[in-house]
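Biologist: I would like to learn how to read a few features of a structure, one at a time. Please give the general idea and then the case here.

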Amino acid sequence: MRLRVLASAMVCGVMAVAATACGGGAGSDDSNDKTIKIAYQRWGAGRVMDTFLEDMKKDFEKANTGTKVELVPIVASENDYYTKLQLMMRSPRTAPDIVREDTFLINSDIQAGYLRPLDPYLSKWEEWDQFEGPAKEAGKAQDGKVYGVTDGTDTRGLWYNKKIFAKAGFPVPWEPKNWDEILDAARTIKQQVPDVMPLNVFSGKAAGEASAMQGFEMLLYGTEDTLYNPQQKKWVTGAKGFEDSLDFIKTVYGEKLGPTPKQALNKQIQNTVSADWMPKQELAINLDGSWLPNTWLKTGAKPWPQWSKVLGTTPMPTQNGQAPGKVSLSGGWTWAIPQKSVSPDLAWKLIEQMGSKENNLRFVNENAQIAVRKDVAGEKAYLEAQPTVKFFTDLVSVTQYRPALPEYPKISNEIQVAMEQVMTGQQQPGAAAGTYDKAVAGIVGEDKTTQRSK
């Protein structure tokens, strides 16, 4: 009952926010008073996205007389953002006209009836040909239709503080060849520079998908195992690599090489790492994403001009250094149109504007994203925007993608639960892996599981 009351309150709260955001009221494509609502996540103290959208709003309203663009920032952590967005998309009264949609939610949100296909628009948009094939696939669902236009992608690797490494007696550049070398470095730093945190690996439910993707899957995909066998179209259970990855988490938290469980289970942990621990040089090694510099730019939440001199980057190695030697995961976000949008044609027109070469170049540079347009990727202004652009772009050659299937969000949640059980000492890696296996079988059905990763 309490959950029902809470859910009802959240719906009402979201509706109230949306109603307020509507101002003069959302119009249809045929009305004379048209309002396009854009819903997006406001995360931490950064306002890079707000500034970009404010300018898109001004340009669009100037070019489309009588049309207004209403920005609807949703101030929430990652998992809460997904929940609130889905609540808004359920009703024509609250549905935005454009939503910022994480690619891993595309299929599950389509299955729930929240999104509409964009193929009729894309077939007439000449600039769609400039988007890389993987970027097009990122917004495509199992039914073969495209539901989101990707504005950038990302890769992941290890960030390390060169000054802390020097204090610990480690030569730079640092190039660990396997998991043991990462843990050995963290142990040495703990001993030689005891006033800093040696290593951060996101773990547990508070960090949400960041724990599953930046943390666990960056480990798992460096073993001989994966989450899903695409040839068999089955989810993998009983995998040694899964248990080994949990054992790595156990080592980090058990030997106190990383955050305390209390710190790791704070919903602000992602913001704390990039806007606090790293600029204050309190963290030696961080397993994280290519977008971190957007926090430290002049327009970011924590301007830090010295970051490129203080920090180094190196690929995340595979478990034992086996081929290809390094691993990365990629994701990305899209602009999508909810099924219950009242002005889909105008919404598409705004997506076209945001996805133009000029605006996409600005977006990827200011957000430290990996370019998804061929013409943007070749621009000197992109290649020289950040010192880390080439490093993270080169990781595309080894990167892998999450299984973008409707059941993935539930399975991601089970990964986070398993990590949390291990990091808090409530279960050993073997027991937590066993619990995960049962949960997966319950989600997809025993006949949709396999013990073969490849």
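Biologist: Is W179 buried or exposed?

Modeller: Buried means under 20% relative accessible area, exposed over 50%, and partly exposed in between, with a 1.4 Å probe and protein chains only. W179 has a relative accessible area of 5%, so W179 is buried. The model is predicted, so local features need pLDDT of at least 70 and side-chain atom pairs count only at pLDDT 80 or more, while totals for chains, interfaces and linings use all residues. Residues are numbered from 1 along each chain as its sequence is written, and side-chain values use heavy atoms, with hydrogens and water left out.

Biologist: Which aromatic pair does W179 form with F248?

Modeller: Rings of Phe, Tyr and Trp (its six-membered ring) pair if their centres lie within 6.5 Å; planes under 30 degrees apart count as stacked, over 60 as edge-to-face and the rest as tilted. W179 and F248 are edge-to-face, at 5.3 Å centre to centre with 70 degrees between the planes. W179 belongs to helix α8 and F248 to helix α10, so the pair ties together parts 69 residues apart in sequence. Helices (H or I, at least four residues) and strands (E, at least two) are DSSP runs, numbered from the N terminus. F248 counts as buried, at 3% relative accessibility.

Biologist: How many residues does helix α10 have, and what span does α10 reach?

Modeller: The expected span of a helix is 1.5 Å times one less than its number of residues. Helix α10 (residues 240-254) has 15 residues and reaches 20 Å from its first C-alpha to its last, close to the 21 Å expected. Its buried residues include G241, F242, L246 and I249. Among the elements covering the buried residues of α10 are α8, α9 and α20, where contact means heavy atoms within 4.5 Å.

Biologist: What does M316 touch?

Modeller: Not counting residues up to four places away in sequence, M316 touches several residues, including W179, M218, L219 and V327. M316 is found in strand β11 and is buried, with a relative accessible area of 1%.

Biologist: In what order do the strands of that open sheet run?

Modeller: Strands of a sheet pair through backbone hydrogen bonds, either parallel or antiparallel. Two strands count as paired if DSSP finds at least two bridges between them. The open sheet has three strands in the order β11-β12-β14, with mixed pairing. β11 (316-317) and β14 (399-401) stand at the edges, each with a single partner strand, so one side of each has no neighbour in the sheet. β12 (residues 326-330) and β14 pair in the parallel sense over three bridges.
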